[in-house]
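Here is a brisk report on one protein chain.

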Amino acid sequence: MTISRRLLLSLPAALALAPRAALAQAAIGTTRALTGRASLTRAGTSADLHQSDPLMEGDEIATMAASTAALELFTATRITLGPETRFTLDRFTADLGGVVSIGGAMVFDRPEDLPKLDLTVQGAFARIGVRGTRFFCGPSKGVYGIFVARGSVEVAAGGETRRLGPGEGVDIARPGAAPGAVAPWKAPRIAAAFALVGLTP
């Protein structure tokens with residue numbers, strides 16, 4: 001999807017102070033919605049995040065307490081962040097994939113009828129391999145939980161790998177620990193997880 005010139009010109013005035021080389025990059029996404037407050041850090045310069053702000057490789061988004069942010073990367077890849085969450089676009093190529101980092105709660109959603117991505121989600125608890133799916137990762141019932149609503153993911157942590165399919169989840173007790181057994185999640189836990197980022201399952 002081509003990012004329009006209008007979208008590129010919507011960058012907040014504060015971020016316009018960033019080095020020209022940083023602003024010369026092509027946008028790879030946009031901020032679709034925001035509740036509460038969040039910040040965008042680019043090339044060492046931080047400013048408040050606003051709806052319709054463009055996103056570029058290397059950007060870090062950080063949501064504040066009681067805040068959520070809905071992002072879109074290229075063609076309909078949607079990422080919704082929960083409160084007090086940090087998300088970094090380490091490397092992302094149009095509809096091919098890349099690497100992103102997450103600290104906090106996130107729901108990733110990409111329609112099944114689009115080309116599959118080769119995306120790696122890095123975090124303190126696990127590395128998640130994504131090929132085009134809808135899944136949650138973040139705090140859940142006192143542990144770090146990963147749940148797949150549609151599609152599949154591979155979760156690598158503590159030297160072990162688990163593959164999750166639709167309706168399945170896994171728990172990780174702490175950073176460095178291996179994932180627990182793959183098991184179905186019940187409806188109340190699924191609803192609570194998605195509610196963390198302001199969504200319904």
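Leu81 stands opposite Met106, a residue of strand β10. This is a predicted model. The pair belongs to the contact between β7 and β10, which run antiparallel and are joined by four bridges. Strand β10 also pairs with β13, again antiparallel and over four bridges. There, Phe108 has Phe135 of β13 as its bridge partner.

Elsewhere, β12 and β15 pair in the antiparallel sense over four bridges. In β15, Ala156 is the bridge partner of Arg127.

| Strands | Residues | Sense | Bridges |
|---|---|---|---|
| β7 and β10 | 77–81 and 106–109 | antiparallel | four |
| β10 and β13 | β13: 134–140 | antiparallel | four |
| β12 and β15 | 127–130 and 153–157 | antiparallel | four |

**Nonpolar cores**

In soluble globular proteins, nonpolar side chains tend to be buried together. The largest nonpolar core here has 37 residues. Those with the most contacts inside it are Phe87, Met106, Val121, Phe135, Ile146 and Val153. Met106 is also the residue opposite Leu81, and Phe135 is the bridge partner of Phe108.

Beyond its neighbours within four places in sequence, its contacts include Ile128, Phe135, Ile146, Val148 and Leu164. Arg162 and Arg163 are also among them. A second, separate core has nine residues, including Ala105, Val107, Phe136 and Ile190.

**A loop residue**

Where does Lys116 sit? Lys116 lies in the loop between β10 and β11 (118–122). Its relative accessibility is 47%, so Lys116 counts as partly exposed. Leaving aside neighbours within four places in sequence, Lys116 touches Asp95, Arg131 and Gly132. Lys116 and Val130 are 14 residues apart in sequence and 8.6 Å apart in space, C-alpha to C-alpha.

**Confidence**

Mean pLDDT for the protein is 88, and 88% of its residues reach 70 or more. Residues 1–24 stay under 50. For that stretch, the model has 40 contacts beyond four places in sequence.

Key
Residues numbered from 1 in each chain as written. Predicted model: local features only at pLDDT ≥ 70, side-chain atom pairs only at ≥ 80, totals over all residues. Heavy atoms only, no water. Pairing = 2+ DSSP bridges. Helix = DSSP H or I, 4+ residues; strand = E, 2+ residues; numbered from the N terminus. pLDDT = per-residue confidence, 0-100. Contact = heavy atoms within 4.5 Å. Core = buried A, V, L, I, M, F, W, Y, C linked by side-chain atoms within 4.5 Å. Buried < 20%, exposed > 50% of the residue type's maximum accessible area, 1.4 Å probe, protein only.
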